[in-house]
Amino acid sequence: ESGIPKCAWDELPRTTFALNGTGKLLKEAMVFTNQERMLIEQMGDLKAKEGLCTVIVPTFNRAKHLPRTIASVIAQDYENWVCVVLDDGSTDNTPEVMRGLCDSDPRIFYCRYEENRGGVAMNEIGCALACEFGEFWTRLGSDDYFKPHKLTLDVAAFRAAPSAGACWGPYRDLHNDKDERDLRGIPQNINADARGSLLSHGFA
């Protein structure tokens, strides 16, 4: 904010206070490790990075599914991305799972809210973060996964239509958490206003 003096990175304090979901300061300070400080510094101004795609993953008590979800992001053939997992106060072992996933790739970030706010709030927070981070953004359900070409196709669609504000594609339901069913989410009339069809039948 204006009026706050700037300082060199080496002059920043070793500790900071974390904000919880209510915006109040937590009682205990968090200490950044040298590795965390390095990663934060390397992020720089992500908004200025051309072609960066931000993948927002809201989650609540889906520790079982998160490894598959995040693995599908890591497997993208489009590599210019960051993934932000927003934990809506999970009571399972999501923090432990995410600690391992964050260690596996520096492009993965994890933010936990102590108080459950609901899916709508997490989507709104994710949208606000994504609009600041990169040129493109997409949402990924924490029990869903992307095919390897998802981000490549999305970026290509935007490059082909620079004035477009959004792009979409079909998806498949999973049966018994593993068997993919037929494609869904394809508008009946692609030349008409697709908004109603997409909101009624879903999209990816």
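Tutor: Let us begin with T69, which has its place in helix α2, and keep in mind that this is a predicted model.

Student: Why is T69 called buried?

Tutor: Buried means a relative accessible area under 20%. T69 has a relative accessible area of 0%, so T69 is buried. Not counting residues up to four places away in sequence, T69 touches V57, L140, G141, S142, D143, D144 and Y145.

Student: What makes the buried residues of α2 line one face of the helix?

Tutor: Helix α2 runs over residues 66-74, and its buried residues are L66, T69, I70, S72 and V73. Seen down the axis of α2, these residues fall within an arc of 150 degrees, so they line one face of the helix. The cover over them includes β3 (53-59), β4 (81-87), α3 (94-104) and β5 (108-112).

Student: What makes a group of residues a nonpolar core?

Tutor: The largest nonpolar core has 21 residues, of which V55, V57, I70, V73, W81, C83 and L151 touch the most other members. The elements giving two or more residues to this core are β3, α2, β4, α3 and α5 (150-160). Apart from this core lies another, of 10 residues, including I56, V82, A130 and F133. As a general rule, nonpolar side chains in soluble globular proteins tend to be buried together.

Student: What makes the buried residues of α5 line one face of that helix?

Tutor: In α5 the buried residues are K150, L151, D154, V155 and F158. Seen down the axis of α5, they fall within an arc of 120 degrees, so they line one face of the helix. What covers them includes β3, β4 and β6 (136-139), whereas the face turned away from the buried side of α5 carries the exposed residues L153 and A160.

Student: Why is the aromatic pair of F136 and F158 called stacked?

Tutor: Two such rings pair if their centres lie within 6.5 Å, and planes under 30 degrees apart count as stacked. For F136 and F158 the centres are 5.4 Å apart and the angle between the planes is 20 degrees, so by those cut-offs the rings form a pair and the pair is stacked. The pair links distant parts of the chain, with F136 in strand β6 and F158 in helix α5, 22 residues apart. Both F136 and F158 are buried, and theirs is the one aromatic pair that the structure holds.

Student: How many helices and strands does the whole chain have?

Tutor: The protein chain has six helices and eight strands, and 32% of its 204 residues count as buried.

Key
Residues numbered from 1 in each chain as written. Predicted model: local features only at pLDDT ≥ 70, side-chain atom pairs only at ≥ 80, totals over all residues. Heavy atoms only, no water. Buried < 20%, exposed > 50% of the residue type's maximum accessible area, 1.4 Å probe, protein only. Helix = DSSP H or I, 4+ residues; strand = E, 2+ residues; numbered from the N terminus. Arc of directions from axis to C-beta. Contact = heavy atoms within 4.5 Å. Core = buried A, V, L, I, M, F, W, Y, C linked by side-chain atoms within 4.5 Å. Phe/Tyr/Trp six-rings, centres within 6.5 Å; stacked < 30°, edge-to-face > 60°.
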